[in-house]
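I opened this notebook to record what I looked up in one structure.

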Amino acid sequence: MTLTAGGRRLAAAALVQSLGIGLFMASSMAYFTRQVDLSANQVASGLALAGVVALGISLLGGVLADRYGARRVLAAVYLGRGACCAAYVFVTDFWQFMVVTLCAVACDRAGPPVLQALVAVAVPERQERTRLLAVVNVVRNCGLGVGAMAAGVALASDTQAAYRVTLIAIGLAFLGGAVLVLRVSEPAAPTAEGAAPKGAAERPVKGRVLPDARYLTLTGLNFLLFFFDTMLLVAMPVWILEHTDAPRATVSVLFALNTALVVVLQIPVSKLATGQRRTTRMLTWTGAVLAVSSLCFAASGSVGGGPAVAWLAAAVVTLSLAEVIANSAVWDLSIALAPEEQRGRYLSVFNLSVAGQRVLGPVMVTGLLLGSGSLGWVVAAAVLVVAGVAAERVARAAGERMRAGAPAHA
């Protein structure tokens, strides 16, 4: 696809800042444990606590985007993340680590919905903005991989100077992303009166604190459909290591397979998100494909050797397909179903389904799914099918309500 100048700058910004994230993800644990002398448990608990607290703080990003413009807020988020990385150079104890980490995670959680809000105003055409978000996602995955490999220099050196240079480089990467974002043109945001559909001037959108009921319901259902993230990052490695006879190296191979499939499939699949009916149908597809993936995981636990690896590969292939389908559908629908004058706030609330899954998902996996063995996967499959069908119906009803111009909360 051919990107506009603004689209190219957003994609470049995503690449630059994802290089920084990749560097940080691969080197930060070693830095905190070997140079700052924090324990692994302190780092893990600090990240978890910061993630919970940041859930609420991240909502401010959408509110500020509606008031001051998504471009300026996104640039500020990138600058904030860069400043936090630079601040880690001066961290010497756990409480300093907690303060900086809370700020860093809050910026991280606030960024995605503000980016979507900026794409929505910079690229008015619905299908093109979904494709741009697909390009951004592919670029981000590539940047994370390259950044993680580049972190090997600091890890090999294992000196305080090397880690500090890496942190400064990460900060500069975010600074570069902020500069690129500021060069994206952002049309003036519509007022509540100017954006309201004909015949709906009386709709009380401007004073509403929370999104309408259908949007909130869709957010809750997306929490379930985003389970693919927890399946990959938590359930898959634990299941392989503790419940199957597959070689340990299978974990890293399947992670690489997922990354490759997302990079290859995300843009082509995003082209399927055309029209409200077809896009909402993709939510049902997501639930169904995730159910197939769950059943493949279940099957891998009852066989050994090559068949187990084959079932696991099939599980990750279908999981990856569900991921790109879900991404394409929710990128489109979360923007299209939000009123323009409160788009940032709506998107920030919707993003709680993603952030919440990353906080609560591991608890659900370890406490419920994996503890039940193969039966847990079968139950998960049934829940995911129901969630997909329900999400399609809710999204379709919300779209029809919006087109009719009736009050969305009625």
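Entry 1, surface. I began with Leu-60, which I located in helix 3. The model is a predicted one. Which helices each supply at least two residues of the patch? I noted helix 2 (40-57) and helix 3 (59-68). Helix 2 gives the largest share, four residues.

I turned next to the largest nonpolar core, which holds 89 residues. The members that touch the most others are Leu-10, Leu-118, Val-181, Leu-218, Leu-283, Phe-297 and Trp-377. Helix 14 (residues 305-336) contributes the largest share of this core, with 13 residues. I also recorded a second, separate core of 26 residues, with Phe-32, Val-36, Phe-97 and Leu-167 among them.

I listed the contacts of Trp-377, leaving out residues up to four places away in sequence. Trp-377 touches Met-231, Ala-235, Trp-239, Ser-294, Phe-297, Ala-298, Leu-369 and Leu-370.

How many disulfides does the model contain? I counted zero. For Cys-84, the nearest cysteine sulfur is that of Cys-103, 5.1 Å away; a disulfide requires the two sulfur atoms to be within 2.5 Å, so Cys-84 is in none. Cys-84 counts as buried because its relative accessibility is 9%, under the 20% limit. Cys-142, at 38% relative accessibility, counts as partly exposed.

Technical notes
Residues are numbered from 1 along each chain as its sequence is written. This is a predicted model: local features need pLDDT of at least 70, side-chain atom pairs count only at pLDDT 80 or more; totals for chains, interfaces and linings use all residues. Side-chain values use heavy atoms; hydrogens and water are left out. Buried means under 20% relative accessible area, exposed over 50%, partly exposed in between (1.4 Å probe, protein chains only). A nonpolar core is a set of buried Ala, Val, Leu, Ile, Met, Phe, Trp, Tyr and Cys residues joined through side-chain atoms within 4.5 Å. Contact means heavy atoms within 4.5 Å.
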